[in-house]
Each structure stands twice: as C-alpha cells, then as structure tokens.
Amino acid sequence: MIKRIMCVMFIIAFLVGITSNLPAANPTVAYISMGDNGPFTKPAMDFAQKAFGAQVLERKDLGKTDFKKFAVVWWHDGDSDPGALNDQELKAFTDYANSGGAVLLTAWAIRYATPMGLEKAEARQFGPTADDGTAIGIAPLETTIKLPLWKGLKTIDGKTPNAGERIQVNSIGFPKSGDYYDTLWKNFITVATAWGPPANDWGEKIAAFGYWKLGKGKVFNMNWRLPNFHANNKDIAALQTLTTNVIDWLASESLYMAVEPAGKLATTWGQIK
C-alpha cells in the first residue's frame, strides 16, 4: 500500500513538473491586410507576428484558408483603401463569425462592417496623417470595467483604470480609418467611450471601441484614431497592450479557442458556450 501511494505521488509530481515547464500558450491568430503595407500597417503586422506568431494571410487566401483554425482573425488596413470585396471574400469573415469565431477590425477595415451586414450606414473615412499633434484614448464603461481588457494599462494620471477614467493609447497622428459619427450605428455594443479633440468627450457617438454580435460570434471594432501603430506614436506600448488584451479576450470568447505553445503545432477545439 505504501509503495502504491508513493508511486501515485511520484506520477503526480512528474506531471506537475511537465506542465510547469511547458512554454506559454498563445491563441492562434490570423492577420490580414489588403491595402498598402506602409508605415501605418506594417508595424501592426510585425506586432501580430511577434506577439502571437500570427499567420499572415493575403486577399487570395479568402475562401481558401479555413478560418476555423484560428481563435481570432485580425484585419488591419491603416494606409490605404483596399477597395470593394466580393461576396465570397466577405463571407469568409461572416461565415466564420456566424459559426462562433472572433474577428477584429482595426483602422480602415471598419469600412467593411457595413458590407458584412453589421450596419446599414456607411462609415465616414479619414487619414492617414502621421502628425496632427492630438493625443487621444478611451474610457471604460461601468458595465465593462471588469472585463480583462484593461490589464496592464494605466490612466493618464498613472493609476489603475476605473470606469470613466481616461487611458491614452495614441500620442499623435492617425491611420487610414473611420467611424460612425454621429451615432449612425444601430447594432454596435460600446465597450469604451473615446476622448480627444476636437469634441474632447465623444461618448458613444463614433463607435470607436466595441463589437457587434454576429450569429454565435463577435466582430470587434477598434477604430477612429485609436489603432495608430505608426512609429510616431509614443503611446505604442499602451496600444499594443490594449490590442493584446482585446485579442486574448476575443480568443476566450471564440468557439475556436485554439492555443499554440511556442514551437508546437496548434491545437484547435470547439468550446461549448
């Protein structure tokens, strides 16, 4: 009996040792841009690869690559307008989200929210501008402050964020981007309000940070002046932290919550929600 107990304890200790030495697991992420890979876009792609080991896709992959291999599909276009997508290309995103996947749209990828059927109004567009002297950010809502999106971030006063307190993520300039000013959106769920000149406090008017529900999944939107990955942005560390938090949260919500230990093949499974 003693030998049996010692044997069981040895096996438990052995298994604990193995799991404690496993490399940290990241959610499997696909990244795609379809416009110019310029100074507002390439840094986002580089960050996606460095932070998540993201698989970089091209427009020709739409409809051919199975998005269900990924916990999150991130689409960022910060330099130019890629033009209209055909129905098959759009369905790659909407079918994936409808089935339980998570899509992240940043910068001018917002223009495709309407063709995807998420809104009826067309988003207004602007940018890119590398230097406009305007610092901006977000403020969590009372209903969202407990989400893990604010982990590692500080307010403009250097404190842990509370509801309504300002977090700065962009010091200057903005990418090719857009928004739904003035409250043109109808189906959007705001997660944080936006602040910064000229309106100073935009409230929920522009649909800058939040998501749409689509079937079993989510399409998250981070736009307006927020997703500025340009080298001019002195708050890039805060933006990268916020983007990481968004992707991690979306992955936890995705039905295709895939994880990829460093140097290992990805494992994908469906969650029951």
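Colleague: What should I know before we start, and how are residues numbered?

Modeller: This is a predicted model, where local features need pLDDT of at least 70, side-chain atom pairs count only at pLDDT 80 or more, and totals for chains, interfaces and linings use all residues. Residues are numbered from 1 along each chain as its sequence is written, and side-chain values use heavy atoms, leaving out hydrogens and water.

Colleague: Thanks! How many helices and strands are there?

Modeller: The protein has four helices and 15 strands. These are DSSP runs numbered from the N terminus: helices are H or I with at least four residues, strands are E with at least two.

Colleague: Why is the pair of Y180 and W212 called edge-to-face?

Modeller: Rings of Phe, Tyr and Trp (its six-membered ring) pair if their centres lie within 6.5 Å; planes under 30 degrees apart count as stacked, over 60 as edge-to-face and the rest as tilted. The centres of Y180 and W212 are 6.3 Å apart and their planes stand at 80 degrees, so the pair is edge-to-face. Y180 lies in the loop between strand 9 (177–179) and strand 10 (189–190), while W212 is in strand 13 (residues 209–214), 32 residues apart.

Colleague: What makes Y180 count as buried?

Modeller: Buried means under 20% relative accessible area, exposed over 50%, and partly exposed in between, with a 1.4 Å probe and protein chains only. Y180 has 0% relative accessibility, so Y180 counts as buried. W212, with a relative accessible area of 1%, is buried too.

Colleague: And what kind of aromatic pair do Y211 and W249 form?

Modeller: A tilted one: 5.9 Å centre to centre, with 55 degrees between the planes. Y211 sits in strand 13 and W249 in helix 4 (residues 236–253), 38 residues apart. Both Y211 and W249 are buried.

Colleague: How do you know that the charged end of K176 sits over the ring of W108?

Modeller: The rule asks for NZ of Lys or CZ of Arg within 6 Å of the ring centre and within 35 degrees of the ring normal. The charged end of K176 is 5.5 Å from the centre of the W108 ring.

Colleague: Last one: what makes strand 3 and strand 10 edge strands?

Modeller: Two strands pair if DSSP finds at least two bridges between them. Seven strands form an open, mixed sheet in the order 3-2-4-5-14-13-10. Strand 3 (55–57) and strand 10 each pair on one side only. Strand 13 and strand 14 (residues 217–222), for their part, pair in the antiparallel sense over six bridges.
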